[in-house]
Amino acid sequence: MLSKLASFAGIQGPVVTIVMDGFGIAKSDVGSAIVAANTPTLDKLYATCPHITLRAHGTAVGMPSDEDMGNSEVGHNAIGAGQVYSQGASLVADAIASGQIWQGRAWQEIVAGAKASTLHFIGLFSDGNVHAHVDHLKAMILRAKEEGVKTVRIHAMLDGRDVPETSALDYVEPFEAFLSGLNGADFDAQFASGGGRMAITMDRYDANWSMVDKGWHTHVLGEGPQFASASDAIKGLRAQFPGTIDQDLPAFVIAKDGKAVGTIEDGDSVVFYNFRGDRALEITLAFEGDNFAKFDRVRVPKVTYAGMLQYDGDLKLPKRFLVNPPVILDTTGEWFAKSGIKQFACSETQKFGHVTYFWNGNRSNKFEGETYLEVPSDVVPFEQRPWMKAAEIADAMIDALRSGEYKTLRCNFANGDMVGHTGNFRAATMAVEAVDLELARVLQVVDEMGGVALITADHGNADEMFELDKKTKQPSLNADGSYKAKTAHTLNPVPLILFGKAAAGKLGLKQIEGAGLSNIAATTANLLGFEKHAKWDESLLEIK
Ligand SMILES: O=C(O)[C@H](O)COP(=O)(O)O
Ligand SMILES: [Mn+2]
Ligand SMILES: [Mn+2]
């Protein structure tokens with residue numbers, strides 16, 4: 001049980017955490033949709049409220065290095081758990097470096113299953129290190145060959161979302177060369193199918209199952225437009241759909257003499273090599289789910305299936321996994337529940353699992369006293385609706401605040417991130433403005449209820465909408481002189497703002513050395529009048 005703080009009994013009203021997804025602090029005004037946007041609410045918050053900056057990338061959120069950008073999983077894990085765990089990217093890299101992954105039963109079963117058949121790898125094909133890394137795939141293919149697997153097929157989701165928007169060939173062409181170097185009389189590894197990650201397979205939070213349906217038809221059944229190689233497919237599809245960036249390219253199948261080279265058959269082994277769970281759960285369910293009814297699978301091959309990690313510890317999905325996931329314990333969700341307070345969590349579909357499943361350490365079950373509200377996201381290209389469901393999320397937060405039921409509430413506004421990922425600068429400024437507008441509505445009610453709000457972000461995105469030249473650090477230009485759009489997250493810090501009349505003049509925020517997202521949990525606890533959990537990183541609350 002959490003004990004009350006000695007010197008400060010906490011805020012009378014509710015304590016709210018608002019995550020503006022993809023909202024970093026830009027180093028340069030050029031290319032920042034946040035700087036370009038009209039943001040009277042945020043401007044006023046910066047002018048009148050205590051605010052500091054937090055680290056939201058690299059080792060501060062459990063990534064292997066400070067070259068790694070932050071992402072929603074590691075960001076929400078850190079905010080919700082108040083601690084930094086080595087995350088999937090690090091755990092997999094370490095398991096490969098130490099060789100531990102090959103000793104595990106899961107890998108051995110995968111290899112045993114594939115010796116007389118085919119080993120399939122399905123996953124995101126880039127070095128973005130948010131969901132997956134091609135180096136992990138490379139290591140597994142080399143090892144599989146060493147252990148006597150003869151046939152390998154790769155089903156590659158093109159990225160362009162965690163890496164530059166039209167970079168697919170930078171990954172695929174060297175990989176084709178790598179595979180031809182390995183291939184010979186007794187080893188045959190090839191790409192078999194693929195498509196843009198936002199077109200097939202990698203849907204999340206039940207937002208659009210038709211993507212997974214398409215992925216199944218592509219990878220498993222081998223149906224779709226045929227090409228001779230993955231690089232041909234990318235070039236051909238780009239020519240056919242000019243202006244389409246990698247993440248949105250349609251599905252393709254590699255075929256020889258009109259026949260798909262890598263359908264998935266009974267007796268094959270399948271590794272879904274993404275380590276991050278949100279976009280891995282649906283396809284995993286399609287392979288493993290009994291009584292599966294999300295779409296007609298037509299044919300369900302009996303395969304040995306493994307995920308890179310276990311993606312959901314509550315649902316035990318998948319059953320077989322190559323590397324143990326971080327065991328995230330003593331989250332705020334759990335500890336506040338144990339202290340008997342009621343908690344409210346809300347977002348729209350695209351980020352719903354972020355404030356529930358990621359927040360609670362990748363668990364899908366609620367803790368006692370938690371209420372979740374999901375606002376269904378539109379299924380549209382978000383540059384066409386940059387306001388997304390910000391207004392509906394604000395409505396829900398306002399109702400929940402006014403109900404007086406909840407001592408702590410949390411929400412995520414998806415706009416800066418989801419629209420930032422489209423690379424559309426104009427739409428991203430509107431996304432930021434939508435959040436700013438709705439923030440004002442929520443904050444008014446926070447004051448009305450005598451509460452306070454911590455306004456923050458999980459990582460940057462809309463703060464850098466143009467690719468920066470690696471050497472000059474200035475925005476890169478396209479051949480026609482326009483700026484090169486950037487769709488990925490950034491390495492920038494994020495804000496932490498303490499809002500509320502209840503705090504004015506009495507409470508502040510400390511900018512301690514190395515402050516990061518994991519310091520928010522203890523800060524929230526203190527605002528609630530609780531001591532922090534012993535395992536949580538330090539509180540940033542200053543009591544004046
Ligand atoms: O899954 C995605 O959309 C991107 O790879 C990362 O975005 P997120 O970490 O903000 O969800
Ligand atoms: Mn995010
Ligand atoms: Mn994102």
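**Ground rules.** The model is predicted, so I took local features only at pLDDT of at least 70 and side-chain atom pairs at pLDDT 80 or more, while totals for chains, interfaces and linings use all residues. Residues count from 1 along each chain as written, chains are lettered from A and ligands numbered from 1 in the order written, and side-chain values use heavy atoms, without hydrogens or water.

**Metal site.** I started with the manganese ion (ligand 2). Its donors are Asp21 (OD), Ser72 (OG), Asp458 (OD) and His459 (NE2), at 1.9 to 2.1 Å. Donors here are N, O and S atoms within 2.8 Å of the metal (3.2 Å for Na, K and Ca); water is not among the atoms, so the site may look incomplete. Along the chain the donors of ligand 2 are spaced D-x50-S-x385-D-H. I looked at two of them: serine 72 sits in helix H3 (residues 72-81) and histidine 459 in the loop between strands E15 (452-456) and E16 (494-499), 387 residues apart. Helices (H or I, at least four residues) and strands (E, at least two) are DSSP runs, numbered from the N terminus. Serine 72 is at 2% relative accessibility and so counts as buried; histidine 459, at 0%, is buried too. Buried is under 20% relative accessible area, exposed over 50%, partly exposed in between (1.4 Å probe, protein chains only). The manganese ion (ligand 3) lies 4.3 Å from ligand 2.

**Domains.** The assignment gives domain 1 (19-86 + 329-469 + 482-543) and domain 2 (89-307); such bounds come from an automatic or database assignment. I get 32 Å between their centres, over C-alpha atoms. How many salt bridges run between domain 1 and domain 2? I found zero, counting a side-chain nitrogen of Lys or Arg within 4 Å of a carboxyl oxygen of Asp or Glu.

**Salt bridges.** By that rule the count comes to 25. I picked out a few. Arginine 276 and aspartate 278 pair at 2.7 Å, N to O; arginine 276 is buried at 3%, aspartate 278 at 1%. Glutamate 370 and arginine 410 meet at 2.9 Å, from strand E13 (residues 370-375) to strand E14 (residues 408-413), and both are buried. Lysine 535 and aspartate 330 come to 2.6 Å. Here lysine 535 is partly exposed at 38%, whereas aspartate 330 is buried at 15%.
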